[in-house]
Amino acid sequence: MISLDEALDFVLSLTPRREPTVVPVAEALGLVLAQDVVSDVAIPPFDNTAMDGFAVRAADVVEAPCDLSIVGTVAAGDNPTDAIGPGEAVRIMTGAVIPPGADAVVMVELTSVDGDVVRLDESVPLGNHIRPAGDDVQSGDLVFERGEPLGAGHLGVLCSLGLTEVQVYPRLRIGVISTGDELVDDGAPLQPGQIRDSNRRTLLSLVAQAGAEGVDLGLARDDEEVIEAALRNGVAQCDAVMTTGGVSMGDFDYVKAVLSRIGEMRWMQIAIKPAKPFAFGTVDGVPVFGFPGNPVSCMVSFELFGRPGVRQMMGFDEVIVPRINAVADEDLDRRVDGKTHFLRARATYGTDGRLHVRLAGGQGSHMLWAMAKANVLAALPNGDGVSAGGEVEIILLGAAGA
Ligand code: AMP
Ligand code: MG
């Protein structure tokens, strides 16, 4: 058995980031910037009001209460050109340009209107409620640096800057193949010995959650020709391929036979439970992940090896989900076997402000139901487990997604 770190290092040595590409901002969610973004504009572009109220000259309202005459109205989007003079006020709406001559805004709640006269209850300082041009971003500012993952707010900023395209590391296309003669995916009644293919949908979903595009390469029978055709089809059109099933020590592990022949693969037995068997390497230079078939093992293997590899290829600087400490709310038992165990657990915040974990359900590697309900993996190092009240390291599932 090799260590988790050795297997991960091997994956990361063969999953280089892709060449940058330019995409519309509208398609950049979850991608990583491959350029620095320097602003050539100010945001906001003009002095504007943060409040609905009246634009005034601060000098006119030093003595409050006082009355000013209302000489106009400015809504957001208007372009006021008339300057306000001494003793005058302009009705103004949030986001509207501060009219020439005004240097403060009095919010509407502190005013009362009688005809075309407004009474101000309190004096306000110079610049009150005015958001100056460039308050958020100034022209020439380095707004985002290469390597910044683009979230919803980032895309909004890029739009504010007037950008319609941005240079990023491309969204990966990842082919997913499931293998096994026992698998059915057409909704037909199960014949004796058959089960339904769950891993392909799960993997395609994990890939999507990781910000990549999943390509469904179908279900391949346990047949070398069929598996080879699916793999060749995958590496021809995808940036990486993920298979599930057929990589352990069974007599019918044809994925292993095919990949050994057409790829440069490493067959690993990793000191972890679940997900001990894992294959990784390349076919025609394209990374291929051979995940185990047991549904929980498949998901855990994706979290430990698939997600970091995908993130690195997509340009993320941080590819490994950090582990955090939590409190075990029940005994987390295990026996000494030289492996790190990843238990499927649910974490919730306690009244002490700490994360507390309990098992999500059965811990068999075929028990996908408990994995589905888990929001963390609890990592138990080799040993005899953690007693209730003790500390345990957890990995948040899906935390390093888009
Ligand atoms: P294998 O890795 O092919 O030896 O499969 C290990 C176990 O996982 C067996 O019980 C398989 O039936 C099951 N399995 C393999 N692939 C899938 C799949 N795509 N969906 C659900 N179960 C699977
Ligand atoms: Mg199989």
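## A partly exposed glutamate

E330 has a relative accessibility of 23%, so it counts as partly exposed. The cut-offs are simple: buried means under 20% relative accessible area, exposed means over 50%, and partly exposed lies in between (1.4 Å probe, protein chains only).

This is a predicted model, in which local features need pLDDT of at least 70 and side-chain atom pairs count only at pLDDT 80 or more, while totals for chains, interfaces and linings use all residues. Residues are numbered from 1 along each chain as its sequence is written, chains are lettered from A and ligands numbered from 1 in the order in which they are written, and side-chain values use heavy atoms, leaving out hydrogens and water.

## The overall build

The protein chain contains seven helices and 27 strands. These are DSSP runs, numbered from the N terminus: helices are H or I with at least four residues, and strands are E with at least two. The C-alpha atoms fill a box of roughly 95 × 50 × 45 Å along the principal axes. The radius of gyration is 30 Å, whereas a compact globule of 402 residues would be near 21 Å. This radius is taken over C-alpha atoms, and the globule rule is 2.2 Å times the number of residues to the power 0.38.

Of the 402 residues, 48% are buried. Now take the contacts (heavy atoms within 4.5 Å). Among those with a separation of 6 or more, 71% join residues 24 or more positions apart. The accessible surface is about 18,500 Å², and carbon and sulfur atoms hold 50% of it. Such areas come from the Shrake-Rupley method with a 1.4 Å probe; for residues, only the protein chains shown count as cover.

## Charges and salt bridges

The chain carries 30 positive and 56 negative charges, and their mean positions lie 11 Å apart. Lys and Arg count as positive, Asp and Glu as negative; His and the chain ends are not counted. Each charge is placed at NZ of Lys, CZ of Arg, CG of Asp or CD of Glu. Side chains of opposite charge can pair when their charged atoms come close. A salt bridge here is a side-chain nitrogen of Lys or Arg within 4 Å of a carboxyl oxygen of Asp or Glu. The count by this rule is 19 salt bridges.

Start with R173 and E213, whose closest N and O atoms are 3.4 Å apart in a salt bridge. This pair links distant parts of the chain: R173 sits in strand β14 (residues 173-179) and E213 in strand β17 (residues 213-220), 40 residues apart. R173 is partly exposed at 26% relative accessibility, and E213 is partly exposed at 36%. Next, R358 and E330 form a salt bridge at 4.0 Å, N to O. R358 is in strand β25 (residues 355-359), and E330 is in the loop between β23 (323-328) and β24 (340-349), 28 residues apart. R358 has 43% relative accessibility, so it too is partly exposed.

E391 pairs with R354 in a salt bridge, with 2.7 Å between the closest N and O atoms. E391 belongs to strand β27 (residues 391-396), R354 to the loop between β24 and β25, 37 residues away. E391 is partly exposed at 46%, as is R354 at 31%. Elsewhere, salt bridges with shared partners join D185, D197, R200 and D216 into one network.

V56 lies in strand β5 (residues 53-56). Its relative accessible area is 0%, so V56 is buried. Leaving out residues up to four places away in sequence, V56 touches several others, including V61, L68, I84 and L120. D103 is 47 residues from V56 along the chain, yet their C-alpha atoms are separated by 6.3 Å.

T243 is in strand β18 (residues 240-244). With a relative accessible area of 2%, T243 is buried.

## Backbone exceptions

Most residues other than glycine have a negative phi, and most peptide bonds are trans. Which peptide bonds here are cis? The bond from I43 to P44 is cis, with omega near -10°, and so is the bond from A64 to P65, with omega near -5°. P44 is in the loop between β3 (37-38) and β4 (48-49). P65 is in the loop between β5 and β6 (66-74).

A275 is not a glycine but has a positive phi of about 80°. A275 is found in the loop between β20 (272-273) and β21 (277-283), and is buried at 3%. D284 has a positive phi near 50°. D284 lies in the loop between β21 and β22 (286-291), and is exposed at 60%.
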